[in-house]
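Hi,

Here is the structure I promised to pass on to you.

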Amino acid sequence: MRKIVLLSILFIFRAYASPDAGDGSDTARVYRMNEVTVTGSRMATDVKRLPSSVTIFNQQSIENANGTTVSDLLQSAPGVFLKAYGGSGSLQTISARGMGPEYTLVLVDGQRFTNYQNGQVDLGVFSSTDIERIEIARGGYSALFGADAVGGVINIITKKPSPGVHASVGIGAGSFGFQQYQLSLNGGTERLSLKGTYRNEHSSNMFDCYFHDGSRSELIHRTNADYAFSVADLAATLNSGETTHSTLSLRYTNAERGVPSSLTSITNTGGGTRLLDNDYLTQLSTAWKPTVSSELSIRANFHYWQQEYRDPMLIVQGNPAFYYYFNRSLMLTPQYNVTWSEGQSIAAGVELVRAWIVSSELRSRTRVQSSAFVSSQHRFEIDSGLPFELTVFPSLRYDSFSDVSGAVNPKLGVNLGVRGFDALRIRASLGRSFRVPTFNDLYWNTGGNPDLKPERSVSFDAGVLSTLTWWGVTDIEANYFLIDTDDRILWMPGANNMWTPKNISRVRSEGVELSVHWSLWDDAVTLGYAQNFMNVQRKSTGAIVDPNDGKQLPYLPEVSASFDAGVSVHGFSMNVRASVTGKRFSTEDNNPRYALDPFTTVDANIGYRMAISNIAAKMKFEALNVFNEDYEIIGLQPMPLRSIRLSCELFY
């Protein structure tokens with residue numbers, strides 16, 4: 001133990017003495033300590049000074065990753081777990097800190113994208129083509145962003161138009177009938193710029209997988225897993241002088257796909273269920289700087305999501321099952337930011353929302369939300385021989401709803417370190433968060449409960465982070481977290497076997513997140529490692545004895561890890577990612593008979609980029625599940641064996 005302490009002191013001293021420490025010269029890594037983010041505090045803040053952990057996927061890390069969707073990008077992020085119901089094109093959601101997808105709020109350009117029907121976002125159909133960066137803030141953030149930010153917040157930041165004329169065209173092909181086409185055009189001046197992007201991806205997706213019945217394993221082709229996605233983006237930016245900046249963006253996604261049934265027999269390889277999604281997102285933002293130290297911004301968001309579900313094998317009143325859902329939401333968010341000195345700033349605003357649903361399965365309902373929030377950061381210098389700096393982050397938010405009770409959520413965070421010295425920083429936060437019942441919970445025709453209360457939680461996290469500059473740059477981070485949720489909503493069987501949701505459960509999520517990232521020669525060589533330890537259990541409340549008290553929630557691994565390695569030299573790049581997922585239970589009573597085996601997958605890609613005059617070309621070869629791992633993330637939903645893809649893109 002004494003040797004470990006002495007070595008730690010030596011490393012810290014070496015980092016502090018190094019002449020290039022903290023020079024900010026390294027760029028474009030998956031987690032950069034000198035990045036600036038707004039997701040963690042609603043104000044532009046250096047990541048290393050935040051009170052809680054934020055992971056950033058920047059442009060280069062997005063380009064280096066395998067796959068074409070947001071879910072593909074987030075698989076290696078610390079503290080999150082991807083739930084995939086099959087391969088490409090299937091439903092794919094993200095669980096942050098073991099809290100389930102409906103407890104992770106998804107934003108697009110800082111505004112809510114998570115729908116009000118089921119509180120989830122299918123990241124498997126969210127294309128990564130037009131994304132500038134992704135920020136993942138883990139922990140409770142209802143004091144900043146309102147309902148459903150219990151496990152964390154994912155902020156997807158899209159690309160904006162830029163001055164000059166640019167264009168790109170790309171094609172791709174791969175296993176199981178995979179094909180993709182994309183086109184992007186950009187043009188404009190410093191005052192007005194326009195950009196348009198179109199992408200089409202489709203596949204018959206009859207992927208190879210194994211069927212197991214306890215006595216044999218047989219290779220089969222999965223059927224009814226085909227999909228076709230089309231994504232179109234239009235955006236415009238207008239700069240009215242040096243003080244006013246406006247952006248208008250429109251995004252349309254069309255996704256039609258098969259939904260394979262659970263694989264219960266050698267002949268039941270697919271089923272015939274079809275799912276159609278149409279998603280329209282319109283966003284308008286205007287920022288005005290009346291002074292150098294202040295900014296007034298107004299953002300508006302209209303989101304329309306239509307979904308149709310057809311199952312010819314399910315007969316309802318003599319006809320094949322057909323269900324439809326029309327979700328709409330309109331949001332307006334004025335916000336005012338003031339910075340009166342270095343390390344002293346405040347952000348305050350209001351949020352007005354109207355959301356409504358029309359569905360064959362739910363009673364048509366409308367929700368009106370009114371919210372107000374204030375967040376600030378205050379940096380203090382402590383003179384005690386070393387130039388310590390303490391940054392305090394208080395925040396408070398009030399949310400009122402027309403159909404459920406409101407909530408007041410405070411949060412306090414702190415960050416302590418030595419000014420100009422990144423070898424060791426300590427941070428912690430404590431706050432309250434909540435999840436509001438969804439439209440499904442409240443208004444489902446055959447069991448919804450309009451008397452539900454919001455789920456309420458207390459979250460705490462604490463961590464240390466360090467940047468060492470001894471032979472390259474090494475970022476090290478360790479975090480402990482605890483999320484304790486009361487009034488957890490569970491669907492329970494009632495009279496006539498009718499299921500209905502009730503506020504009767506408590507869930508305690510506790511764990512540790514570790515991550516290390518090393519880069520050399522301005523990111524020409526990079527290595528990354530992340531590991532998660534999560535214990536997410538149901539707990540009994542009051543006089544009600546929960547038969548599953550102390551059991552791990554289904555499909556959540558207690559241990560998971562990822563390893564990334566990359567090389568980039570003279571236009572050539574190679575990237576490898578290995579992901580390890582521990583044992584998971586598929587039943588609430590943790591019956592070992594239905595436990596899912598641990599698995600390890602390896603993905604890799606090789607790319608080459610070259611330029612001739614004003615034309616550049618990029619070629620990329622991807623291999624997914626390189627070693628043919630036979631595994632399931634969700635029970636009876638096998639994942640594909642090895643697949644390959646090849647793509648080429650031209651830039652002007």
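Alanine 616 stands opposite phenylalanine 651 in S37. Strands here are DSSP runs of E with at least two residues, and helices are runs of H or I with at least four, both numbered from the N terminus. Two strands are called paired if DSSP finds at least two bridges between them. By that rule S34 and strand S37 (residues 643–651) are joined by nine bridges and run antiparallel.

Before going further, a word on conventions: this is a predicted model, where local features need pLDDT of at least 70 and side-chain atom pairs count only at pLDDT 80 or more, while totals for chains, interfaces and linings use all residues. Residues are numbered from 1 along each chain as its sequence is written, and side-chain values use heavy atoms, with hydrogens and water left out.

S34 (residues 615–624) also runs antiparallel to strand S33 (residues 599–612), again with nine bridges. Arginine 609 has lysine 618 in S34 as its bridge partner. Two residues lie between the strands of this hairpin, and serine 613 takes a positive phi near 55° there.

At least two residues of the patch come from each of S30, S33, S34 and S37, and S33 gives the most, with four. Leucine 646 is found in S37.

Strand S30 (residues 572–581) also holds asparagine 575. Is that residue buried or exposed? Asparagine 575 counts as buried, because its relative accessibility is 12% (buried is under 20% relative accessible area, exposed over 50%, partly exposed in between, with a 1.4 Å probe and protein chains only). Leaving aside residues up to four places away in sequence, asparagine 575 touches Asn64, Ala565, Gly566, Asp603, Ala604 and Asn605, where contact means heavy atoms within 4.5 Å.

Glycine 40 sits in the loop between strand S1 (36–37) and strand S2 (45–46) and is buried, at 8% relative accessible area. Its contacts, again without residues up to four places away in sequence, are Leu50, Val54, Tyr141 and Leu144. Phenylalanine 393 is 353 residues from glycine 40 along the chain, yet their C-alpha atoms are separated by 10 Å.

There is also an open sheet of five strands, ordered S3-S8-S9-S6-S7 with mixed pairing. Strand S3 (54–57) and strand S7 (111–112) are its edges, each pairing on one side only. S3 pairs with strand S8 (residues 131–138) in the antiparallel sense over four bridges, and isoleucine 56 stands opposite glutamate 135 in S8.

Finally, five of the five residues of strand S4 (residues 80–84) are buried. Side chains in a regular strand alternate between the two faces of the sheet. In S4, Val80, Leu82 and Ala84 point one way, and Phe81 and Lys83 the other way. S4 pairs antiparallel with strand S5 (residues 92–96) over five bridges, and phenylalanine 81 has serine 95 as its bridge partner.

Best wishes
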